[in-house]
Amino acid sequence: MMMHQRYPLPWLFLIFCLLAGNGELHAGHPALNVSMLERSTDGWQWLAPQARFAEEATPHEHPQQVLSSAALRWQKVSDAVLNVGFGPPRYWIHLSLHNPEATVATRIIEVAEPLYDDLHFWVLRDNKVFAEARMGDRIAFASRAITYRHPSMSLDIPPRTTVDLLIRAHARDGEHDPLPLRLWTSEGFQAGMQLDLLIYGAYYGAIVILLLYNLLVFASTREQVFLWYAVYLTSFLAWNFVYRGFAFQYLWPESPDWNAGAVAILVPLALAGLTAFSWSLLDLRRQTPWLFRIALILTLAALIHIPMALLAPETGLFASLNPLGLVLITTLLIAGICIAQRGNTTARIYVAAIGCTFVGTLPYYFTAFGLLPANMLTIHAINIGSALEFLLLALALAHRINSLKTEKLEAELLAHATLKHSAEALEEKVFERTSELEQANRSLHELAVRDALTGLYNRRHFNEVVQQELARSRRHGKPAALLLLDLDHFKKLNDLSGHLAGDEALAHIGQLLSSFARRSVDQAFRVGGEEFALLSPEADEENVERWAEQLRLRIDTTNWPHPGTPQGHLTASIGVALSQPGDTLESFYTRTDRALYRAKQEGRNRVIRALSDT
Ligand SMILES: Nc1nc2c(ncn2[C@@H]2O[C@H](COP(=O)(O)OP(=O)(O)OP(=O)(O)O)[C@@H](O)[C@H]2O)c(=O)[nH]1
């Protein structure tokens, strides 16, 4: 009910009263027939259309003098709500109330504006003070007869009597809030108060739930934007609680001075909360750096009002704070529009939300400057706008959570893909490196077991291979054959043809042995300076001597020049032996070496088989 505009009805009602002859002239002013209210379904009506008002001519005029004072220039009220805006600090308001009935009429006079500084009510009957009350933002709440956030007074109008209601409205800084003056039946007033509490209870309850929800989301996500939104909601809630008179009624009824200063403290805080939230939600610093700077300066300018309100609460801070707030909200709105134009969905929802506050705030300014008539809709527009704003901002945050989730998912997918790629690359690298290492190891091993000059296996490898072969031979019972070959008169080759020629001859024998050891299992070694070995596993026992002879003959017939031998070419002496079950490397080698020794002894260039073999 309180949110609805009832502006045209009182006018119709007044015209009806006048036409029906129910109104009468009193003190030169038409009196309002209060009995008509009984038939009204809402139980209330605006009083301003029946009222007249005048600027106080001399300070502290007595109410009895006011009606007869010639100094006062009475004016009719043109709207449902008296709205004088900026002006001198005190105004008189007068209206006459007539009870035509034979019974007492109980009525409530309410000023639906909780923050008016000082409202002094006098009810005069026959120019004598019949009832009096003083209420307002600067008068302790406890002194009120009716415990309600709006200054209200109950009035019993005797039967068939006309009384004069005089109100002195005092705004210390000369900035007069609209004065929504209403006349109620007592039943209508009770119902209206309950509805008012219900609406505001639901409104504040919704903000508190939103606030707690955002704090919880902040606790779990650690996303700053939710904290700033919570700060904004808290400061807005606190401001509205004071602005609508609840704080004065419930929190500090004995502290009118503090009540007046609290609004000047909470408005800058709410503006700062909104700036911080917008900055965090839309990344204003990067997206619109210039507008961000302007918003920052305006916010700081607003915050300066806090110490001013604490130090000097009477200095009319709202004359500068109100335009500052409007310019700041406009700046944030423009910043939001700029970002929204780049296709940012969160910014689009933000613009709609701030747009609601903007539109909701405009009536406050327009009525303050007299550009718009004050009524219940314009008075509550800021609450309606902010309710829509909070809903839309919650939507913007939900969108923000969603984008964060998508961003996180995308980042996780990217990280997973990168990780997989890195793991594969690493695996490939490890494989490559392992192969290279294996190759290097093989090369190193080859280098370690090969003789550089001839390319044959060296003595160390020979020892290992012979031991393995002896073990294998023991397992299978098949003997291995060992040939030890020593070039004849090699010293002389070195001496006569030079060391280099000696090396070439050794390399030649290396190649010859490699090609001679045809069977894949046969292996050739250089076991000493000019001494070589051939190992043949699972040897053909019968033909082993012939096999050695073939080797000797091949060297002999190669005709490699050697000026130091009787034949004039390179020859070799060979000792050959078969392994025996009890053989060790030493015994096997020594036996073969003895055969070689004998070959040397018996004239060289020959094959001698070890004695034990035969
Ligand atoms: N050019 C060259 N000569 C080597 C190498 N290793 C050993 N010799 C030489 O081989 C010669 C071996 O000589 P000896 O052990 O006296 O035997 P020999 O002269 O072959 O006489 P017999 O074995 O009794 O026929 C030495 O002069 C060594 O210097 C080598 O890598 N290159």
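The domain bounds used here come from an automatic or database domain assignment. The model itself is predicted.

Q: Why is the largest cavity said to lie between domain 1 (24-186) and domain 2 (223-413)?
A: Lining residues are those with an atom within 4 Å of a cavity point. Both domain 1 (24-186) and domain 2 (223-413) supply such residues to the largest cavity, and therefore the cavity is placed between them.

Q: What makes a space count as a cavity rather than a pocket, and how many cavities of 30 Å³ or more are found?
A: A cavity is a set of points where a 1.4 Å probe fits but cannot get out, whereas a pocket is an open set. The largest holds about 730 Å³ of space.

Q: Which residues lie nearest the centre of the largest cavity, and which elements give two or more residues to its lining?
A: Of the 39 lining residues, V263, V267, F318, N322 and Y364 are nearest the centre. The elements that contribute two or more are α4 (224-243), α6 (256-282), α10 (318-340) and α11 (345-368). With 9 residues, α6 gives the most.

Q: How do the residues lining the largest cavity divide by class?
A: Its lining comprises 23 nonpolar, 8 polar and 8 charged residues. In this count Tyr is taken as nonpolar and Gly as polar.

Q: Why is the second largest cavity also assigned a place between the domains?
A: Domain 1 (24-186) and domain 2 (223-413) each give residues to its lining, so the second largest cavity lies between them. About 180 Å³ of space lies within it. It is lined by 15 residues, with P178, Y243, Y364, T367 and I379 closest to its centre. Two or more lining residues come from each of α11 and α12 (376-449), and α11 gives the most, with 4. By class, the lining has 7 nonpolar, 4 polar and 4 charged residues.

Terms used: Residues numbered from 1 in each chain as written. Predicted model: local features only at pLDDT ≥ 70, side-chain atom pairs only at ≥ 80, totals over all residues. Heavy atoms only, no water. 1 Å grid on protein atoms, 1.4 Å probe; cavity = no way out; pocket = protein on both sides within 12 Å on 5 of 7 lines; lining within 4 Å. Points joined across faces, edges and corners; volume = space filled by probe spheres on them.
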